[in-house]
Amino acid sequence: MALRQLDNRTARAVFLDRHALLEPPTGSAKGTALLDLIQRLGFVQLDSINTVARAHDMILFSRRPSYRAKNLKHLYERDRALFEHWTHDAAVIPMEYYRHWHLRFQRDADMLKSRWKNWRRDGFEQRFETVLQHIRDHGPVSSSDVGKDEKKGSGGWWDWHPSKTALEFLWRSGALTVIGRQGFQKRYDLTERVIDDHLCPGKLQVDPEETVDWLCNAAMDRLGFATSGELAAFWDTVSTTETREWSKQALTKGELEEIEVTCADGRTRRMLSRPGSEDVNHLNKPPGRIRVLSPFDPMLRDRNRAEKLFGFHYRIEVFVPAPKRTYGYYVFPLLEGDRMIGRIDMKAHRDDDALRVSAVWPERSVRWSAARTGRLESELDRVRRFTDLGRVEFAENWLKDPI
């Protein structure tokens with residue numbers, strides 16, 4: 001039997017819809033409405049770089065322009081509707097999913113013990129009880145509150161002293177919970193003080209197979225269609241061996257079907273999908289406005305998938321030496337409708353109350369026009385208001401030739 005076909009435009013629409021980028025960017029962005037959005041996305045990645053606004057704030061703003069950073073802080077730190085842990089990186093995750101992170105706690109504990117010993121983080125395991133007792137006696141701590149007499153390693157910013165390493169291990173393995181951040185520094189407390197007692201590690205027994213099933217289903221629902229490798233990469237907890245086995249069983253039970261998805265270059269990929277799920281009649285027409293996306297936007301998290309679907313090759317160049325960068329230190333992708341149209345290099349200059357645009361590089365397939373400049377200016381004015389800046393400034397010769 002011939003496989004069901006998903007043409008490229010439909011595939012892009014499905015993917016954008018699952019990432020809350022197909023509908024007009026309007027609506028409430030606080031409280032329950034904000035939590036609903038984060039549940040729809042699955043998680044929101046946290047990142048400290050703040051050239052314009054932090055990644056998590058840009059991710060939420062791009063979908064709900066009424067969003068402000070205090071809204072996430074209230075939901076996370078006051079309402080405890082979110083918890084912080086890892087997917088492919090540090091993220092805030094709906095508390096409703098906490099029970100399925102018990103498997104992650106165990107797997108991180110096993111992985112980090114081995115990895116950190118190989119990185120010669122000697123002595124961190126001997127600090128566990130000391131760190132836990134300090135928190136029992138004195139309350140929540142940041143890394144600067146422990147290990148003050150300990151020597152930091154010589155490996156750079158990531159080479160922590162033993163007590164800092166112990167804090168991170170106890171958090172990643174579930175004994176501690178991050179209750180919020182001051183600036184961008186994490187504050188840790190005992191998990192039993194933060195998480196409902198019946199959900200705490202040691203109190204709740206979760207079948208690993210149940211968690212694998214939940215993670216695979218949740219990833220499929222948020223991707224729309226995927227390979228088994230993409231399912232594994234979504235939460236970065238389940239192995240590709242596990243997702244392959246899960247997919248095989250789901251196909252046998254008729255819960256999934258194989259389809260062919262057309263890529264931006266015309267080639268097709270065989271992927272998995274819910275049977276008959278991609279009826280596009282219910283999908284919105286993509287809004288015509290331009291949106292600035294975070295480099296860590298969930299739509300772009302899987303760079304290879306984004307390139308295949310949108311023909312958009314994007315790599316962040318933060319760790320690339322300046323002379324070797326193609327674009328810039330922290331360049332934002334630009335989405336217009338259902339197309340990636342380019343990228344923009346800009347920075348908030350708070351001492352001068354200005355959002356300064358250094359360069360815009362259109363994609364080769366995009367003809368830049370005065371109307372498109374107007375749409376970009378409208379979006380940048382929204383970003384300016386979001387970041388509490390007074391004006392937008394364009395550098396001379398800001399519009400560059402495609403690379």
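Arg384 is classed as buried, at 17% relative accessibility, where buried denotes under 20% relative accessible area, exposed over 50%, and partly exposed the range in between (1.4 Å probe, protein chains only). The model is a predicted one, in which local features need pLDDT of at least 70 and side-chain atom pairs count only at pLDDT 80 or more, whereas totals for chains, interfaces and linings use all residues. Residues are numbered from 1 along each chain as its sequence is written, and side-chain values use heavy atoms, with hydrogens and water left out.

Arg384 forms a salt bridge with Asp381, the closest N and O atoms lying 2.9 Å apart. The term salt bridge is applied to a side-chain nitrogen of Lys or Arg within 4 Å of a carboxyl oxygen of Asp or Glu. Asp381 and Arg384 are 3 residues apart in helix H13, and are therefore separated by about one helical turn. Helices (H or I, at least four residues) and strands (E, at least two) are DSSP runs, numbered from the N terminus. Asp381 also meets the side chain of Arg385 in a salt bridge, at 2.5 Å from N to O. Here the spacing in helix H13 is 4 residues, so Arg385 and Asp381 are likewise separated by about one helical turn. Asp381 is partly exposed at 28% relative accessibility, and Arg385 is partly exposed at 42%. Asp197 is partly exposed, with a relative accessible area of 46%, while Lys203 is exposed, at 51%. The search of the whole structure returns 36 salt bridges.

The protein chain contains 13 helices and 14 strands. Its C-alpha trace spans about 65 × 60 × 40 Å along the principal axes. The radius of gyration of the protein chain is 22 Å, which agrees with the value near 22 Å for a compact globule of 403 residues; this radius is taken over C-alpha atoms, and the globule rule is 2.2 Å times the number of residues to the power 0.38. Of the 403 residues, 54% count as buried. Among contacts in the protein chain with a separation of 6 or more, 63% involve residues 24 or more positions apart, a contact being heavy atoms within 4.5 Å.

Two packed helices are described by the angle between their axes and the distance between the axes. Helix H9 (residues 208-223) packs against helix H11 (residues 240-252) at an angle of about 80 degrees, with the axes 10 Å apart. Axes are lines fitted to C-alpha atoms, for helices over the stretch in contact, and angles run from 0 to 180 degrees between N-to-C directions. H9 is thus roughly perpendicular to H11, given that angles under 35 degrees count as roughly parallel, over 145 as roughly antiparallel, 65 to 115 as roughly perpendicular and the rest as oblique. H9 contributes Val212, Asp213, Cys216 and Asn217 to the contact, and H11 contributes Glu242, Thr243 and Trp246. By class, this contact of H9 with H11 has 3 nonpolar, 2 polar and 2 charged residues; Ala, Val, Leu, Ile, Met, Phe, Trp, Tyr, Cys and Pro count as nonpolar, Asp, Glu, Lys and Arg as charged, and the others, Gly among them, as polar.

Pro287 lies in the loop between strand E9 (268-273) and strand E10 (290-292). Pro287 is buried, at 14% relative accessibility. Apart from neighbours within four places in sequence, Pro287 is in contact with Leu21, Leu22, Glu23, Pro24, Pro25 and Gly337. Between Pro287 and Lys164 there are 46 Å in space, C-alpha to C-alpha, for residues 123 apart in sequence.

Most residues other than glycine have a negative phi. Asp388, although not a glycine, has a positive phi of about 60 degrees. Asp388 occupies the loop between helix H13 (370-386) and strand E14 (391-394) and is exposed, with a relative accessible area of 64%. Asn397 is not a glycine, and its phi is also positive, at about 60 degrees. Asn397 is placed in the segment after E14 and counts as exposed at 56% relative accessibility.
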